[in-house]
Structure formats: structure tokens, C-alpha cells
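Open the structure in your viewer and switch to a cartoon view.

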Amino acid sequence: MDRWVGKVAIVTGSSSGIGAAIAVDLANAGMIVVGLARRVERVEELKSKVNSTIGSLHAIKCDITKEDDIKSAFNWTIDTFGGVDVLINNAGLMRKMNLIDKDNTALIREVIDTNIMGVVLCTREAYQSMKSRNVDGHVIHINSVGGHQVPNLPIGSMNIYPPTKFAVTAITEVLRQEFNREGTKIKVTSISPGGVRTEMIGSTPEIMEAAKNWPLLDSEDVSQAVLYVLATKPHVQIHELIIKPLGEVV
């Protein structure tokens, strides 16, 4: 991680779970971290976990479903710190419904706008910053095993969530090709965890009850994978990293 000390990372969805763990770990590895979240007060609370003599954490209110919020957050980061070197696309959303439910359009759009459009727009802004400064940066998507296989869970449908994560898998390869075509050395990586003990698990009583018997990863397990990916040599690009808790049967 030495090459990233003093460099700038943006972490989306950093108020809890995986995003919070990543934001803290990157700051404690010596990076300047800008944590984006709607619940910005939670990111502020994370500062107590950061060794301020090593790195720093800065909280910015941002709704990933709003392009103006994204542009404002990136512009603030560029104006304050000069640019973006690492982007962690962590913000993700799952809603309880079926695709065939009546009048579910708003819920479907919310998930798509967060899980797909948020990733695409944040990556676009980060790339422009990296390109303008000729920086060999790194973009990391927190994907899901649901982006490779649609789980058939006893709790019911995961509806539009797996399709959005399949999109992230495809977006990762599209970006790899585009970064290469533009002659950059910017890396892109998809990290796909299995079940993780986060607020998403507790989003519905059905999931919470079923998860009591599931082997689960901790948020810090995913964060350590991010550090591992970032620490690879400049000529090494981990394209896809799948992490499952031992004993996972899905």
C-alpha cells in the first residue's frame, strides 16, 4: 500500500457496513479518504476510528442516485485535494419486492439508479480526474456473487438486484477495455462477496431470520480484500475476486 500513502480515495456508501470498513481501513493505511453517503453524520462518527497521524477521513453528503450530487462531491474533492486516485464503488441497494408486483416502478428505478447508474457516473468522474493528471489510478466495484449467478433463496425473489450486479460484472470488463483503448494504466477490479453481515441482511424480517443459520463474512473481510487488490504490483490487475464465507451453500 506504500504507493497510495497520501493519495486520495473516494468511497461511496461509506456510512455503514462494507463502505464504512473500507473508508476506515484506507485512511488507516495512509490515504486521504472522502466518504460519500446520504447519512453523512455516520461518516463523521467514523473519524474516531482513524489514526489522524497516518491518514484522514472526510464526510460529504451525497445521494448516488442524483448526478448533481455526484458531480458536486467530485468537484469538492478535486478543489480540496487536487484529484481522485482511487474510487471504491460500494454503494448498493436491495428492495423487497417481486418484479411482477403491481406499481413497483419507483422501487425498481431506485435500485437501478444506485447499483448501475451510480457506478457508471462515479467512475466517469473519477476517470476524468485521473486522466487529466496522468494518474495510474484504480477503480474497484463492490459487486456480489449475485452478479454471477442468480440465487434461488427460500426467502423469495431478489428481484432486480442480481440483474444490476450482473451489469456491474459486464461494466467491469467494458471499463477494462476502454481504459486499455485510451492508453491508460488505470486498473479496474470487481470484488464479489457472498453473504456479508451488514444492514442489508437486516433489511427485512425474512432475511434477518433466515440469516441466523447462514455463514457470513464480516465487512472487514471485504475491506481487507480491497487493501490486497490495491497492494498488487503496477503490472498486476485483479479483474475479479470472489469471496465466500466458509460453508456457504448458495
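**Stop one: a helix pair**

This is a predicted model. Select helix H4 (residues 105-132) and helix H5 (residues 161-181): their axes come within 9 Å and cross at roughly 15°. Angles under 35 degrees count as roughly parallel, so H4 is roughly parallel to H5. The crossing of H4 past H5 is right-handed.

Now show side chains. On H4, the contact residues include Val111, Ile112, Asn115 and Ile116. On H5, look for Tyr161, Thr164, Lys165 and Ala167, among others. Sorted by class, this H4 and H5 contact holds 12 nonpolar, three polar and one charged residues.

**Stop two: a pocket**

Which residues line the second largest pocket? Select Val120, Thr123, Arg124, Tyr127, Gln128, Ile171, Val174, Leu175, Glu178, Phe179 and Glu182. H4 and H5 are the elements that give two or more residues to this lining. The space in the second largest pocket is about 200 Å³. Its lining has six nonpolar, two polar and three charged residues.

**Stop three: another helix pair**

Move to helix H1 (residues 17-28) and helix H7 (residues 219-230). Their axes lie 8 Å apart, at an angle of about 45°. H1 and H7 are therefore oblique to each other. H1 passes H7 in a right-handed crossing.

Show side chains again. Gly17, Ile18, Ala21, Ile22, Asp25 and Leu26 are the H1 side of the contact. Facing them on H7 are residues including Ser219, Val222, Val226 and Leu230. The H1 and H7 contact comprises eight nonpolar, four polar and two charged residues.

Methods:
Residues are numbered from 1 along each chain as its sequence is written. This is a predicted model: local features need pLDDT of at least 70, side-chain atom pairs count only at pLDDT 80 or more; totals for chains, interfaces and linings use all residues. Side-chain values use heavy atoms; hydrogens and water are left out. Axes are lines fitted to C-alpha atoms, for helices over the stretch in contact, and angles run from 0 to 180 degrees between N-to-C directions. Helices (H or I, at least four residues) and strands (E, at least two) are DSSP runs, numbered from the N terminus. Angles under 35 degrees count as roughly parallel, over 145 as roughly antiparallel, 65 to 115 as roughly perpendicular and the rest as oblique. A crossing is left-handed if the near helix is turned anticlockwise from the far one by less than a right angle, and right-handed if clockwise. Contact means heavy atoms within 4.5 Å. Ala, Val, Leu, Ile, Met, Phe, Trp, Tyr, Cys and Pro count as nonpolar, Asp, Glu, Lys and Arg as charged, and the others, Gly among them, as polar. On a 1 Å grid over the protein atoms alone, a cavity is a set of points where a 1.4 Å probe fits but cannot get out, and a pocket is an open set with protein on both sides within 12 Å along at least five of seven lines; lining residues have an atom within 4 Å of a point. Grid points are joined across faces, edges and corners, and a volume is the space filled by probe spheres set on the points.
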